[in-house]
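The following paragraphs guide the reader through selected local features of one protein model. Please keep the sequence and the structure in view while reading.

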Amino acid sequence: AHLVDVVTSDPRFASEPELALTDAFFSVDERFRDARDDDDCSGATALAACVLNGELVVANAGDCRAVLGSSPPPAEASSGRFLATRLTHDHNARMPLELLTLQREHPGETDVVVCKTPHACYVKGRLQLTRALGDAYLKYPEFNQANTHRGRHITEPYTPPYVKSTPDIHHVRLSADDRF
């Protein structure tokens, strides 16, 4: 509920939803960072969906997925099925764009992404997500501590941030066929 509260309380929400949503993700990430204790290295993915003037605006960071359910074409209406349209994509170290971004931002770090299988790649060998709220040890040097009992210490080379809270923003003009 915090993310929704931050977004809807922003006076720019109606006119500049992208800025309001992006700032809300940053604000919640800062709150997450400020509220953590010394050994808390947790994080979360996030997705916010808002309807403004007949348009669905979706912001996501991580592997939350938004799917739009629409009525099928008239010839298939009796099937009782809906069409599902994926609106977001995952921010995961195995995704080519996310992998390339990390490699470009951290040149020479051969361990910036470690793939244990073709379907399981990890940022610095620790976290599959490339975008998330929290996970401060992959964002801020002061949280990369060798003395924590949870083993969340990244050895050199270490040039954060590796994980970001920046959401992707997607716009969809809604039609009469869109149901959920």
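Asn92 is located in the loop that runs between β5 (83-86) and α3 (96-105); helices (H or I, at least four residues) and strands (E, at least two) are DSSP runs, numbered from the N terminus. The model is a predicted one, in which local features need pLDDT of at least 70 and side-chain atom pairs count only at pLDDT 80 or more, while totals for chains, interfaces and linings use all residues. Residues are numbered from 1 along each chain as its sequence is written, and side-chain values use heavy atoms, with hydrogens and water left out.

Is Asn92 buried or exposed? Its relative accessibility is 3%, so Asn92 counts as buried; the term buried means under 20% relative accessible area, exposed means over 50%, and partly exposed lies in between (1.4 Å probe, protein chains only). A polar atom of the Asn92 side chain lies 3.0 Å from the backbone nitrogen of Arg94. Leaving aside residues up to four places away in sequence, Asn92 touches Glu98, Cys121, Gln128, Leu129 and Thr130, where contact means heavy atoms within 4.5 Å.

In α3, the residues Glu98, Thr101 and Leu102 are buried. They lie on the same side of α3 because they cover an arc of only 95 degrees around the axis, the arc being that of the directions from the helix axis to the C-beta atoms. An α-helix has 3.6 residues a turn, so residues three or four places apart point the same way. The buried residues of α3 pack against β6 (113-117) and β7 (120-123). On the face of α3 turned away from this buried side are the exposed residues Pro96, Leu97, Leu100 and Arg104.

Attention now turns to the backbone. Where in the model is Asn53 placed? Asn53 is in the loop between β2 (46-52) and β3 (55-61), and it has a positive phi of about 50 degrees although it is not a glycine. With a relative accessible area of 70%, Asn53 is exposed. Asp135, in the loop between β8 and β9, also is not a glycine and has a positive phi of about 50 degrees. Asp135 counts as buried, at 5% relative accessibility.

The loop between β8 (133-134) and β9 (168-173) also holds Pro157, which is joined to Glu156 by a cis peptide bond with omega of about 0 degrees. Pro161 is found in the loop between β8 and β9 as well; a cis peptide bond joins Pro160 and Pro161, with omega of about 10 degrees.

How values were computed:
A polar contact is a pair of N or O atoms within 3.5 Å; within protein, one must be able to donate a hydrogen and the other to accept it, and residues adjacent in sequence count only if both atoms are side-chain atoms.
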